[in-house]
Amino acid sequence: MSSTATATALRPTFAPINPTLQQLEGVAFARPRPRDLKFGLTADQIEFFWANGYVSLPGLFRHDEALAWQDAADRIYHDKLADPFNARYDFATVKDDQGKDTDEQILWKIDPFYDLDIVFRRAVFDRRILDALASIYGGREPRLFKDKLIYKPPHTHGNGLHQDYNWWQGYCTSLISVAVSIDPATEDNGCTVVYPRDPRDGYIGELGTFEHKIADAVDPAAAVKNIAKPGDVLLFHCFTPHEAGPNKTDHVRRQMFLTYNDSADGEHYFSHRDHYLEYYKQGHFSDEVRDKVYFE
Ligand SMILES: O=C(O)CCC(=O)C(=O)O
């Protein structure tokens with residue numbers, strides 16, 4: 001068989017399983033049923049999410065859980081691979097007191113990160129997050145799409161106004177990000193800022209490019225600042241305009257950004273990683289070295 005045989009060609013055919021109604025009731029049948037959502041959102045929270053594109057869940061995680069993430073974030077920061085061609089590690093230029101670039105480069109983000117420490121693995125699949133999302137997805141399980149840990153070290157940049165779908169064009173539109181605060185988030189250290197908008201109003205940018213005119217579509221007076229304590233959580237839809245200022249303080253502002261989609265839309269984690277690698281390579285590396293860039 002040729003090594004290029006398709007997955008379809010390799011898939012064997014099985015005899016169908018056709019249980020009787022009586023068999024379906026039997027204890028051995030774990031047929032798909034809606035789960036009870038222990039940590040589901042209230043009807044008001046779900047309604048708020050669909051009207052505004054975000055919902056805040058203060059205190060979803062305990063302070064001691066956030067302290068364990070702080071330790072883990074320190075650990076993986078110091079263990080980081082130094083290889084600048086490993087696309088998992090994204091560096092930023094430190095700015096001086098006047099906001100001008102210095103020569104210093106500092107680790108700004110690890111993307112993806114959750115496989116680097118068990119406490120992050122647990123957080124990504126914690127039922128408090130999954131149930132909150134499942135209640136938005138009509139009871140269906142979420143699937144992890146993307147995970148990143150933004151350190152936003154002192155005197156480094158924030159993110160301009162955008163919709164996340166800008167980076168995820170072609171993927172499903174059920175994508176929701178979960179911002180989990182590891183450190184306090186304040187205006188001075190560049191908290192996330194969302195602009196309330198019904199997600200069903202859709203994508204604002206120019207499909208096929210990274211161009212958009214979101215600034216014309218949002219009302220600056222409507223900005224909602226996600227001022228947060230460690231353990232607080234913010235959910236926002238991939239069509240929700242948002243931004244974050246620079247970190248003007250002397251302390252890191254660490255936050256996990258975990259993105260999921262409705263499992264009815266399939267599983268895209270590794271496909272997205274390949275997609276991200278392609279545009280990351282285009283945006284961050286010259287033609288001469290681009291082929292050396294990889295994920296590890
Ligand atoms: O760091 C933040 O608060 C926002 C990050 C963000 O907008 C993004 O990664 O898409």
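**Reading the model**

Reply: H155 lies in the loop between β4 and β5. Helices (H or I, at least four residues) and strands (E, at least two) are DSSP runs, numbered from the N terminus. This is a predicted model, in which local features need pLDDT of at least 70, side-chain atom pairs count only at pLDDT 80 or more, and totals for chains, interfaces and linings use all residues. Residues are numbered from 1 along each chain as its sequence is written.

Me: What is the phi of H155, and is H155 buried or exposed?

Reply: A residue is buried if 20 or more other C-beta atoms lie within 10 Å of its own, exposed if 12 or fewer, and partly exposed in between, with C-beta atoms placed from the backbone. H155 is buried because 20 other C-beta atoms lie within 10 Å. Its phi is positive, about 60 degrees, although H155 is not a glycine.

Me: Which loop holds K152, and why does K152 count as buried?

Reply: K152 sits in the loop between β4 (142–150) and β5 (159–162). K152 counts as buried because it has 27 C-beta neighbours inside 10 Å. Phi of K152, a residue other than glycine, is also positive, near 35 degrees.

Me: Which residues surround the ligand?

Reply: A residue is near a molecule or strand if its C-beta atom, placed from the backbone, lies within 6 Å of it. Here the ligand is surrounded by I150, K152, N159, D164, T192, H242, A244, Q255 and F257. The elements giving two or more residues to this shell are β10 (242–244) and β11 (255–262).

Me: How many of the strand β9 residues are buried, and which strand does β1 pair with?

Reply: Two strands pair if DSSP finds at least two bridges between them. In strand β9 (residues 233–237), 5 of its 5 residues are buried. V233, L235 and H237 point one way from β9, while L234 and F236 point the other way. Strand β1 (residues 54–57) pairs with β9 in the antiparallel sense over 4 bridges, and L57 stands opposite V233. Strand β6 (residues 176–181) also runs antiparallel to β9, joined by 5 bridges; the bridge partner of V178 in β9 is L235.

Me: Where is P112 found, and what kind of peptide bond joins D111 and P112?

Reply: P112 is in the loop between β3 (101–110) and α5 (118–124). The bond joining D111 and P112 is cis, with omega about 5 degrees.
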